[in-house]
Amino acid sequence: MLELMIALVTLLPLTSARLDSLKTVDDYLNICLDGRNHKSAPGPENELLTQYCKPWAKRSCCSSKVVKDIDTSSSWLNFNWDHCQQLSPQCREQFLMDLCFYECSPNVGPWLQQDTRKIRKERFRDVPLCQPVCDRWWDACNNDFTCTDNWAAGFNWSTGINTCPEGNKCRPFHQVYSGANNFCETVMGNSFKVVPETEDCFYTWFSPNEPNPNEPVARKKAAQLLGIGYSENSSEVNAVSWQSFVFLILGAVIFC
């Protein structure tokens, strides 16, 4: 019996006490991915001047020190972008936007899950990505080359740097992926889920002079996870939880 119980426990999915402790909308909005370069909580980074990370300067999960060479580095955390051949400038630009989003975005709290690796203890999954963002990414990269569809888990890391798995040939993206959505949802291991721009969705880059368009989307998702109402006209949740609503109705029925 003891052996059976141990076996069942090992089959249970790992949970994170840190993520389980998120109980309010603000909890979800004030947490950063638990990664090697990430801050524990988002805050301003006035010196965040790199081209692709600058949108996050007002409220960021990355530090200026960490991303100061992100525009010029040929690799990041030993990841070689040019594992087949040098990426085209337009494709590299899109991946740098994605990298800044990964390192800096303060809005992925509702999509975090445990993912224990050397470089991080958490990841985000199925963040809703606006279709036009995906289309631009695909248009920029579909003629570039890679040897695996999943850049998050498909490489050989035995040398300490990502290399092509044995037997995998370098092919154009348009031969590796069936199209834009398949590419955007697969290349980073289901980090994104492509949705129409008419729905609540994220942008991997926006004008630094404009408000962060991802924040209300994240706030609304956090409210949904908590089962409470949300109004875009307020930074706070404006409605009682459904549970509280039920108790109010029951109380009215009992005491009337």
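Predicted model: local features only at pLDDT ≥ 70, side-chain atom pairs only at ≥ 80, totals over all residues.

Modeller: Residues are numbered from 1 along each chain as its sequence is written, and side-chain values use heavy atoms, with hydrogens and water left out.

Colleague: Fine. How much space lies in the largest pocket?

Modeller: A pocket here is an open set of points on a 1 Å grid over the protein atoms alone, places where a 1.4 Å probe fits, with protein on both sides within 12 Å along at least five of seven lines. The volume is the space filled by probe spheres set on those points, joined across faces, edges and corners. For the largest pocket that comes to about 740 Å³.

Colleague: Which residues of its lining lie nearest the centre of the largest pocket?

Modeller: Lining residues have an atom within 4 Å of a point. The largest pocket has 23 of them. Nearest its centre are Phe-79, Arg-117, Ile-119, Arg-120 and Trp-157.

Colleague: And which element gives the most to the lining of the largest pocket?

Modeller: Elements are DSSP runs numbered from the N terminus: helices (H or I) of at least four residues, strands (E) of at least two. Two or more lining residues come from helix 5 (89-104) and from strand 4 (122-124). With four residues, the top contributor is helix 5.

Colleague: On to the rings. Why is the pair of Phe-101 and Phe-202 edge-to-face?

Modeller: The structure holds 25 aromatic pairs, counted when ring centres of Phe, Tyr or Trp (its six-membered ring) lie within 6.5 Å; planes under 30 degrees apart are stacked, over 60 edge-to-face and the rest tilted. The centres of Phe-101 and Phe-202 are 6.0 Å apart. The pair is edge-to-face because the planes sit at 75°.

Colleague: Where do the two residues lie, and how many residues apart in sequence are the parts that the pair ties together?

Modeller: Buried means under 20% relative accessible area, exposed over 50%, and partly exposed in between (1.4 Å probe, protein chains only). Phe-101 is buried at 0%, and Phe-202 is buried at 0% as well. Phe-101 belongs to helix 5 and Phe-202 to the loop between strand 8 (192-195) and helix 9 (214-226), so the pair ties together parts whose separation in sequence is 101 residues.

Colleague: What is the phi of Asp-126?

Modeller: Asp-126 is in the loop between strand 4 and strand 5 (127-130), and is partly exposed at 34% relative accessibility. Although it is not a glycine, Asp-126 has a positive phi of about 60°.

Colleague: And what is phi of Asn-190 near?

Modeller: Asn-190 sits in the loop between helix 8 (180-186) and strand 8, partly exposed at 33%. Phi is positive in this residue other than glycine, near 65°.

Colleague: Disulfides next. How many disulfides does a search of the whole structure find?

Modeller: A disulfide is a pair of cysteine sulfur atoms within 2.5 Å. One of the pairs is Cys-32 and Cys-61, with sulfur atoms 2.0 Å apart. The search of the whole structure finds eight.

Colleague: Why is the disulfide of Cys-32 and Cys-61 left-handed?

Modeller: Cys-32 is buried at 1%, and Cys-61 is buried at 0%. The disulfide is left-handed because the torsion about its S-S bond is about -85°.

Colleague: How far apart are the sulfur atoms of Cys-84 and Cys-170?

Modeller: Cys-84 is partly exposed at 22%, and Cys-170 is partly exposed at 35%. The torsion about their S-S bond is about -90°, so this disulfide is left-handed. Their sulfur atoms form the link at 2.1 Å.

Colleague: Last one: is Cys-147 buried or partly exposed?

Modeller: Cys-147 and Cys-164 form a disulfide with sulfur atoms 2.1 Å apart, left-handed with -95° about the S-S bond. Cys-164 is partly exposed at 22%. Cys-147, at 6% relative accessibility, is buried.
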